[in-house]
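Me: I would like to learn how to read a few features of a protein model, one at a time. Could we go through them together?

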Amino acid sequence: MNPIGVHGSVWTGDWTADEVGRAAHETAAAGYDLLEVPVSDPASVDATMTRRMLDDAGLSATCSLGLRPGADISSTDQDEAAAGERLLIDALHVAVDLGSNYLGGVLFSAMTKYDRPATPAGRANAVAALARLAAKAADDGVILGLEVVNRYESNLVNTGRQAVALIEEIGADNVVVHLDSYHMNIEEGDLARPVVECAELLGYVHVGESHRGYLGSGTVDFPRFFRALVDIGYTGPITFESFSSTVISPTLSNTLGVWRNLWHDGADLARHAHGFIVGGMTAARRT
Ligand code: MN
């Protein structure tokens with residue numbers, strides 16, 4: 001059975017002890033196994049406090065981030081690329097201190113709308129930096145996940161096939177593909193083939209609806225997606241992701257283009273999502 005997780009942004013945009021304690025409590029109460037901790041600003045995450053809160057709630061942790069303009073390993077500006085690599089290393093340290101064996105997200109470029117395609121030189125910078133990061137992560141038993149995102153959030157990896165190609169170039173065995181149904185619904189031909197193409201390289205899954213609101217209220221073909229995960233024997237985490245400016249910071253809202261809110265009650269949303277994922281995977285296993 002897959003560990004079922006929820007992204008921290010469903011609960012809070014402010015990583016204080018009070019908020020993390022509440023998030024951990026509500027995550028466990030909604031039936032989840034893990035909380036995904038956002039580490040885009042590593043200095044904002046108190047790993048010791050977070051680990052204690054998660055331990056108290058009986059939860060495990062994963063970590064995710066997106067790089068940003070100015071700290072982008074796919075840049076051809078060496079200072080910008082170096083700043084991106086430092087950010088990834090800082091995030092890795094937080095993941096290790098949290099006891100997380102997973103660091104994923106938009107690790108390969110800035111999470112932004114680029115105004116031009118990726119360049120071969122920029123791609124080579126990203127591959128080299130990720131190979132160095134993977135070696136460090138391997139020493140700490142951490143797996144890196146390259147999250148496939150839509151064209152408005154990266155110019156480097158928009159399909160599962162592109163992620164597989166990048167991982168082959170990186171050449172490390174602790175780098176996996178991270179698929180997200182919200183992004184797949186925009187970029188992929190369907191929701192089954194990318195799962196099959198990634199196969200054993202698939203290591204992490206985000207479940208999000210087409211509008212990033214309540215699961216089942218949009219156009220994502222979840223029965224097909226869940227069946228494909230079952231068909232390849234995927235046993236990794238399945239984590240629910242949704243964003244509302246009711247919860248997250250204006251900065252993150254603006255990065256993600258959250259111009260209207262599809263929910264205000266994160267607890268109700270998370271309980272519903274847990275039931276939807278568990279129910280969908282159960283149905284897929286029995287079909
Ligand atoms: Mn995602």
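Me: Is alanine 199 buried, exposed or partly exposed?

Reply: Alanine 199 is partly exposed, with a relative accessible area of 23%, where buried means under 20%, exposed over 50% and partly exposed in between, for a 1.4 Å probe and protein chains only. This is a predicted model, in which local features need pLDDT of at least 70 and side-chain atom pairs count only at pLDDT 80 or more, while totals for chains, interfaces and linings use all residues. Residues are numbered from 1 along each chain as its sequence is written, and side-chain values use heavy atoms, with hydrogens and water left out.

Me: What is the phi of alanine 199, and where does the residue lie?

Reply: Most residues other than glycine have a negative phi. Alanine 199, although not a glycine, has a positive phi of about 45 degrees, and it lies in the loop between helix H7 (193-198) and strand S7 (202-207); helices (H or I, at least four residues) and strands (E, at least two) are DSSP runs, numbered from the N terminus. Arginine 212 also has a positive phi, near 65 degrees, and lies in the loop between S7 and helix H8 (222-231), but this arginine is buried, with a relative accessible area of 8%.

Me: At what angle do the axes of H4 and H5 cross?

Reply: Two packed helices are described by the angle between their axes and the distance between the axes. Those of H4 (120-139) and H5 (residues 160-170) come within 9 Å and cross at roughly 60 degrees, the axes being lines fitted to C-alpha atoms over the stretch in contact, with angles running from 0 to 180 degrees between N-to-C directions. The contact (heavy atoms within 4.5 Å) involves residues including Leu130 of H4 and Leu166 of H5.
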